[in-house]
Amino acid sequence: MNTTSRAQAMGTHLFVIVLGLVMLYPIIWLVVSSFKPSYLIFSDLSIWPKEVTLDNYTKGWSGVSKSSFGTFIGNSIMLGLICVVGNVVSCSMAAYAFGRLNFSWKKVWFALMMVTIMLPHHVTVIPQYVFFFKMGWVDTFGPLFVPKLLATEAFFIFLMVQFIRGLPRDLDESATIDGCGTIQIYWRIILPLAFPALITTAIFTFIWTWDDFFSQLLYLNSPGNYTVPLGLRLFMDSSGESNWGPMFAMSVVSLIPALIIFFSLQRYFVEGISTTGIKG
């Protein structure tokens, strides 16, 4: 490598490092501010705090409205896991049908399913709320996870269809010769081979459910049913006297589950995205 190439490589790496630090600065500032006393959070904007305290974490974990923050985390984890299982099972079954089975109006149903991706979520908010209100499901977790059991996420269906279409059909024919039926092929052949796509679906579902504020605000009214986004909102006071320190501390805590899941399954996530993206 000549001098010019080395200089270009060093310049590229330096640019990427600086850009990464700029993007990470808000997270770093959030973590540092969570250890500052409340009166120093906005008066001292430096990365190195002049005073360190753990009171924000103890006060934040105690929660508000007679509910600890552990309750909010437990609700979010339970809801996230149910949504993950529902999406993985229902969307994989729908994707298997579109990717492998032959049935009437298959292309039409697939086209209609793809059209729903372009439909804004806010268009269906009022009809869905009216439906769930008449069902008596408001202030329950039902409206948040029941749709996941019915393969309503067209994005994940399309992602899995792309992956399944790339699997050799010879495997299905060999399994059929060995006596496997449609369900056995799905369970024993397709699901194990589509594991990266399933992991990608699980990660996206969990993170999107964990970060979902609008839907949870719409359907959950009791503090005992609140999830992490709604629990963080309780630290905000409309009068302007918000508990910034505890809110920042619990914001840091709320990042931990999503980060653990993403980095522990990152290899499968990258594999699922790359393999589904290159198949048409």
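Author: A definition comes first. Helices (H or I, at least four residues) and strands (E, at least two) are DSSP runs, numbered from the N terminus. Val228 is found in helix α12, residues 228-233. This is a predicted model, where local features need pLDDT of at least 70, side-chain atom pairs count only at pLDDT 80 or more, and totals for chains, interfaces and linings use all residues. Residues are numbered from 1 along each chain as its sequence is written, and side-chain values use heavy atoms, with hydrogens and water left out.

Reader: How many helices and strands does the protein chain have?

Author: There are 14 helices and 0 strands in the protein chain. Read along the sequence, the pattern is α-α-α-α-α-α-α-α-α-α-α-α-α-α.

Reader: What makes the protein chain more spread out than a compact globule?

Author: Its radius of gyration, taken over C-alpha atoms, is set against the globule rule, 2.2 Å times the number of residues to the power 0.38. For 280 residues the rule gives 19 Å, and the protein chain has 24 Å, well over that, so it is more spread out than a compact globule. Along its principal axes the C-alpha trace spans about 70 × 70 × 35 Å.

Reader: Why is Val228 called buried?

Author: Buried means under 20% relative accessible area, exposed over 50%, and partly exposed in between (1.4 Å probe, protein chains only). Val228 has 2% relative accessibility, so it counts as buried. Across the protein chain, buried residues make up 40% of the 280 residues.

Reader: Which residues does Val228 touch, not counting those up to four places away in sequence?

Author: Contact means heavy atoms within 4.5 Å. By that test Val228 touches Phe69, Phe72, Ile73, Ser76, Trp210 and Ser254. Val228 and Ile157 are 71 residues apart in sequence, and their C-alpha atoms are 27 Å apart in space.

Reader: What share of the contacts comes from residues 24 or more positions apart?

Author: The share is 69% of the protein chain's contacts with a separation of 6 or more.

Reader: How do you know that Thr201 is buried?

Author: Thr201 has a relative accessible area of 0%, so it falls in the buried class. Thr201 sits in helix α10, residues 195-211. Leaving aside neighbours within four places in sequence, Thr201 is in contact with Asn87, Val88, Phe156, Leu159 and Met160.

Reader: And why is Gln162 called buried?

Author: The relative accessible area of Gln162 is 8%, hence the label buried. Gln162 belongs to helix α7.

Reader: What is the phi of Trp105?

Author: The phi of Trp105 is near 60 degrees, a positive value in a residue other than glycine. Trp105 is in the loop between α3 (69-100) and α4 (106-115). At 63% relative accessibility, Trp105 counts as exposed.

Reader: Why is Ala151 called partly exposed?

Author: Its relative accessibility is 23%, so Ala151 counts as partly exposed. Ala151 is in the loop between α6 (142-145) and α7. Ala151 also has a positive phi, about 55 degrees, although it is not a glycine.

Reader: How many disulfides does the rule count?

Author: A disulfide is a pair of cysteine sulfur atoms within 2.5 Å. The count comes to 0 disulfides. For Cys83, the nearest cysteine sulfur is that of Cys91, 11 Å away, and Cys83 is in no disulfide. Likewise Cys91 is in no disulfide, with the sulfur of Cys83 as its nearest at 11 Å.

Reader: Are Cys83 and Cys91 buried or exposed?

Author: Cys83 counts as buried at 1% relative accessibility. Cys91 is buried too, with a relative accessible area of 0%.
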